[in-house]
2 protein chains.
Amino acid sequence: MSSGVRVMVLGIGQMGSGIARLVSTREGLELAALFDRRSLGAEENLCDLLELPPDPELILDNDLAEAIRRTRPDVAIQATCSRLEDAQVEVSILLENGVDVISIAEQMAWPAASSPERARALDRLALEHGATVLGTGINPGFVLDLLVIALSGVCLDIQSIHASRVNDLSPYGPSVLQTQGVGLSPEAFRAGLETGEVVGHFGFTESIHMIAANLGWDIERIEQQREPILTTVHRQTPFVSVAPGQVAGCHHRAVAYQDGRPIITLDHPQQINPEAEGIETGDQIEIRGTPTIRLGGRPEIPGGQGTVAVAVNMIPRVLDAAPGLYSMADLPVPAAMLGGHRKGRRSGLW
Amino acid sequence: MSSGVRVMVLGIGQMGSGIARLVSTREGLELAALFDRRSLGAEENLCDLLELPPDPELILDNDLAEAIRRTRPDVAIQATCSRLEDAQVEVSILLENGVDVISIAEQMAWPAASSPERARALDRLALEHGATVLGTGINPGFVLDLLVIALSGVCLDIQSIHASRVNDLSPYGPSVLQTQGVGLSPEAFRAGLETGEVVGHFGFTESIHMIAANLGWDIERIEQQREPILTTVHRQTPFVSVAPGQVAGCHHRAVAYQDGRPIITLDHPQQINPEAEGIETGDQIEIRGTPTIRLGGRPEIPGGQGTVAVAVNMIPRVLDAAPGLYSMADLPVPAAMLGGHRKGRRSGLW
């Protein structure tokens with residue numbers, strides 16, 4: 001039996017199954033438990049479903065407290081939800097049992113953005129039980145916040161921050177496409193915004209508050225705009241077909257103000273087949289200050305693979321951290337631990 | 001009197017004076033002491049020399065232990081040297097007096113690269129006296145190591161790492177130009193490499209060992225090449241004039257091998273007036289893996305301003321850290337603390 005870090009994965013969707021696969025192949029990690037709110041169908045085989053090597057001991061737990069008692073994980077990675085309110089239920093059970101938690105729920109990236117009360121409650125619970133909890137992901141959690149903060153660190157002074165992420169929604173399934181309004185008419189897109197069916201990007205307020213807190217800026221208000229990206233050509237994915245004049249995606253933008261002045265602008269147009277109209281995907285950060293810093297890359301850092309990787313790669317940082325609630329800006333940067341994960345880093349560091 | 005973080009600056013050269021100026025203007029920081037190995041000339045006024053606002057209480061200390069006793073700094077920033085052996089003398093005195101230290105000495109970025117024994121001695125001393133010590137800078141310390149490590153964190157797997165930094169030496173003075181062989185004939189450049197007068201970039205082994213340690217890679221050997229950059233046109237700065245056919249800079253490259261395979265390649269051509277031959281400056285990182293990540297920017301992150309900024313911006317991270325010796329990859333990323341530095345961060349974080 002392996003003496004590696006015992007990892008529980010919560011959620012067996014696209015993200016959770018990717019995380020489980022990476023954990024099962026990384027030296028020094030052991031996939032100790034799988035939890036999901038849903039049960040497997042009679043016809044479903046867990047390892048086949050997740051494309052994991054066959055393991056008769058691996059079962060899908062639906063009772064979290066019982067699963068923790070049975071499998072005694074060192075750390076759990078949560079990939080079951082997006083909202084803080086939903087995440088808090090499972091995270092609290094894990095913390096109460098002394099299990100460190102890494103969550104990819106978008107609102108966990110900076111929980112105080114949606115609820116300072118819930119953030120404080122999680123922090124207190126973690127401290128009380130000697131456990132650590134971190135919110136992470138590619139966006140929020142890395143591209144439009146952690147990288148921005150790191151680059152601010154080479155500046156003497158900053159006037160404003162502008163960051164954009166142009167990405168391709170083509171690999172995503174129906175639920176993501178629906179939240180971006182892909183395939184709708186312009187009128188249905190507007191109506192979807194009203195009903196909350198079209199949401200655009202989920203995480204701007206988290207990224208903005210993370211940046212502002214780390215730079216010592218007070219944000220007086222955040223303005224968000226969601227505009228339909230109308231295609232002039234036919235665009236197609238396995239899940240949707242979009243005729244000219246219809247919606248290929250959502251251009252979501254957020255601007256944060258201090259003293260009436262825009263200081264943080266985050267821009268995130270998401271669409272299927274951007275190349276159909278010659279649009280290059282990529283990430284771009286510009287910090288206007290002393291000095292002005294520009295850094296970017298094409299194509300964009302992939303959201304799916306990137307989120308799976310960063311969640312697993314943060315395991316050693318979380319295991320080493322003192323108890324409490326953390327954001328990505330409060331811990332050392334993630335690193336691809338290709339030579340094996342260790343249970344603790346500090347001892348024998350040098 | 002301010003109740004800010006009391007900062008001592010060691011070194012009143014270009015870097016030290018820049019750091020002192022930034023400390024003196026940042027809310028929440030107080031420039032408490034200035035130390036240098038040399039004394040002021042009879043004609044020299046300290047604040048004039050450093051372009052600081054007049055402050056009759058600010059003197060230049062030459063006795064470090066006495067300066068610590070008199071000024072009781074919370075943290076000291078060292079900008080007096082490049083080599084670990086030199087840095088260790090002052091850093092040890094500071095640690096023994098319980099003062100946290102941020103050093104921009106190149107070899108302090110990853111001290112175990114040049115001397116595992118000295119690294120362990122500093123770590124032990126810091127732990128013994130409850131103090132923290134960090135090596136930082138733009139390169140080594142940020143562009144060709146910390147950013148590389150952070151980007152590795154979004155990868156499932158990595159085959160190789162390639163990073164380059166093309167910069168402009170025009171702003172630098174005679175001592176830097178000399179270490180790069182600027183103005184020499186090709187023959188004199190070769191001779192300078194032999195005598196050690198021409199050194200190229202100082203910090204490749206630190207960056208490579210920092211990356212490798214964080215990725216869990218074992219490095220079997222590092223090969224370094226230093227080639228003269230011969231100009232085809234006349235190039236000129238206030239300090240040097242270079243005729244066609246002579247040396248405008250040094251193209252320094254390092255390749256690290258694992259199992260006979262090159263896994264980390266760092267490329268750093270440094271020259272005056274690169275634009276004279278149409279060369280664009282910039283930083284570029286490519287991680288070949290799953291996924292492949294490319295990130296870069298033009299022009300390069302400026303080495304001078306950037307090093308001043310990152311040293312000061314790491315103050316809150318160092319004050320918050322547990323005692324010991326740290327690299328930039330072992331602490332949270334720097335952030336431009338524009339809204340005031342605090343003595344401790346953890347309490348009241350949420």
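**Axis.** I looked up which residue of chain B comes closest to the rotation axis. It is Pro332(B), at 2.1 Å by its C-alpha. The axis comes from superposing chain B on chain A: a rotation of 180 degrees, 0.0 Å of shift along the axis, RMSD 0.0 Å. The same surface serves both copies, as 100% of the contact residues of chain B recur in chain A.

**Ground rules.** I am reading a predicted model, where local features need pLDDT of at least 70, side-chain atom pairs count only at pLDDT 80 or more, and totals for chains, interfaces and linings use all residues. Residues are numbered from 1 along each chain as its sequence is written, chains are lettered from A and ligands numbered from 1 in the order written, and side-chain values use heavy atoms, without hydrogens and water.

**Confidence.** I noted an ipTM of 0.96 and a pTM of 0.97 for the complex. Chain A averages a pLDDT of 95, and 97% of the residues score at least 70. pLDDT is the predictor's confidence in each residue, from 0 to 100.

**Interface.** I find 64 residues of chain B in contact with 64 residues of chain A (heavy atoms within 4.5 Å). The two chains bury about 5,000 Å² between them, 63% of it on carbon and sulfur atoms. Buried area is the accessible area (1.4 Å probe) lost on putting the two parts together, summed over both. By class, the side of chain B that touches chain A has 41 nonpolar, 13 polar and ten charged residues. Here Ala, Val, Leu, Ile, Met, Phe, Trp, Tyr, Cys and Pro are nonpolar, Asp, Glu, Lys and Arg are charged, and the others, Gly among them, are polar.

How many cross the interface of chain B and chain A? The rule finds zero. A salt bridge needs a side-chain nitrogen of Lys or Arg within 4 Å of a carboxyl oxygen of Asp or Glu. Over all chains the count is 29. I checked one: Glu117(A) to Arg120(A), 4.0 Å from N to O.

**Backbone.** I found a cis peptide bond from Asn139(B) to Pro140(B), omega near 5 degrees. Another joins Thr290(B) and Pro291(B), with omega about -10 degrees. Glu51(A), not a glycine, has a positive phi of about 55 degrees. I flagged these because most residues other than glycine have a negative phi, and most peptide bonds are trans.

Definitions and conventions. Least-squares fit on C-alpha atoms with pLDDT ≥ 70 in both.
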